[in-house]
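Please open the model in your viewer and keep the selection panel at hand.

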Amino acid sequence: MSAPNNKKILSTTDVTLYTVSAILLVDQIAMSAAVGPSAIFWWLVVLVLFFIPNTLITAELGTSYPQQGGIYAWIRDAFGTRWGARVTWLYWINIALWMPAVYIMFAGIFSALFAPDMSLWMQIAMGITLCWLTTWVNCLPLEKSKWIPNLGTPIKFVIILTLGVAGLIYSINNGFANNISLTYALNNLDEGLAFIPVIVYGCLGVELVCAQSNAIQKPEKSIPRAMFIAGLVTAGFYIFGTTGVLASVPADNIDMVDILAVTLKELFGGSSLGNGFALVIGGLTLYTLYSTMVTWTLGGNHSVAEAAEEKEMPSIFAWTDREHNAPIGAAMMTGLISSIIMVIYGFMANNAEELFWTLFSFSAIVFLMPYIGMHLAFIKLRLSDANHPRPFKVPGNNATGIVLSSLCVFVLASAILLFFWVPGEPLDISLVTQVGGGVLLTLIIGEILVRSGEKQRYPTRLTESV
């Protein structure tokens, strides 16, 4: 394979828009609203305890170790190639597992707005088509594919501002549909506890652009600037958009798959002009779901391709376009796995929301695991590579950085537990079996692939120390 294309084509603006596109998810507004009236309170708690520390730590890693591969490279440098490959597998396969959930939501919103008689299997067929359209875009040169997230980011702003402003106007005229006061939240802290992992999930992704560090102009300046701007913008928009939804739709009526369509109809329906406007905003929302998946698949596929290039994952993932370094092999595998998963879980679900939640829980647990590895790598590198230049550093001494990183590990581990079991509620054996079994199978397959990659790199040596 020829050497990768290292053209510096991503400016600070590109990196900022890319980062916002990765972490500002319109579907996250719907999932946050599903938390209920206490959603705003929990957003503020998670922002302080996790989002801010996680962004600071990621900015330090991204500027101190601006290597192609991002999170994979950091963990590899801290714990060795085997752990780097394991985490890269989890990071990549999560995207292949998450994409079906996003496109089931896409199909659900499309059905609610334009085709109310669509069956579950028609929605699954639409999702599979979108999976392969995403795969195709991943095979294009980055100069072209970057415009999908770049365009999606301002559209997300328009949609969330519309939801927020219209929701507040609705509440002025009709009263708030939910009680979102601090007093209510403090008196009902257990309400929506099962959905707190959803909020944690929505805070992740600021590191994604670091998977393409070789393409970033002046990464030591662009990366922290983009992360902090994106973080502030995203936090504000999440809270504002969630407030708009909660202002207009009672929590009892929230269905995570079609809540955005329901909200738009509630806010703007009732007249031909209003219905038309709701359809336009709904159509733009569908585009943002697609642009989000393009953003994530580009980052994840580049990471796993880098690992395969180093012969730490099977060679199929290293198949790239020779001229443009497009991750063709990884993209094809993403599309294939996403399609298979969507069909398999389609036989287990009774409706779109049940299918969405199962797929989301499955992918989210897998997704959270690499971030635990990332924070442990941060602690390890702070201690073992203390003299390494750090253009940006978490404020304070080593103890401060380690405490903040440990806090992030605790929040991530708690979020994983809450996907399986919420204190005070009975254990859902069916969910544990489906989701837990899927996670276990994912770990086993990953270990097989990691060992297979090692055999390519060390044909005479089958093992290395864990």
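How many helices and strands does the secondary structure of the chain come to? There are 17 helices and zero strands, where helices (H or I, at least four residues) and strands (E, at least two) are DSSP runs numbered from the N terminus. The radius of gyration is 21 Å, close to the 23 Å that the globule rule gives for 466 residues, so the chain is as compact as a globular protein of that length. That radius is taken over C-alpha atoms, and the globule rule is 2.2 Å times the number of residues to the power 0.38.

This is a predicted model, in which local features need pLDDT of at least 70 and side-chain atom pairs count only at pLDDT 80 or more, while totals for chains, interfaces and linings use all residues. Residues are numbered from 1 along each chain as its sequence is written, and side-chain values use heavy atoms, with hydrogens and water left out.

Of the 466 residues, 59% count as buried (under 20% relative accessible area; exposed is over 50%, partly exposed in between; 1.4 Å probe, protein chains only).

Next, select Phe50, Trp98, Tyr103, Trp296, Met313 and Phe360. Among the 150 residues of the largest nonpolar core, these touch the most other members. Such a core is a set of buried Ala, Val, Leu, Ile, Met, Phe, Trp, Tyr and Cys residues joined through side-chain atoms within 4.5 Å. Helix 5 (residues 81-114) gives the most to this core, with 21 residues.

Centre the view on tryptophan 296. Leaving aside neighbours within four places in sequence, its contacts (heavy atoms within 4.5 Å) include Tyr91, Ile95, Trp98, Phe367 and Tyr371.

Move to valine 46, in helix 3 (residues 39-64). Valine 46 counts as buried because its relative accessibility is 6%. Beyond residues up to four places away in sequence, valine 46 touches Phe51, Ile199, Val200 and Cys203.

Tryptophan 132 lies in helix 6 (residues 120-138) and is partly exposed, with a relative accessible area of 34%.
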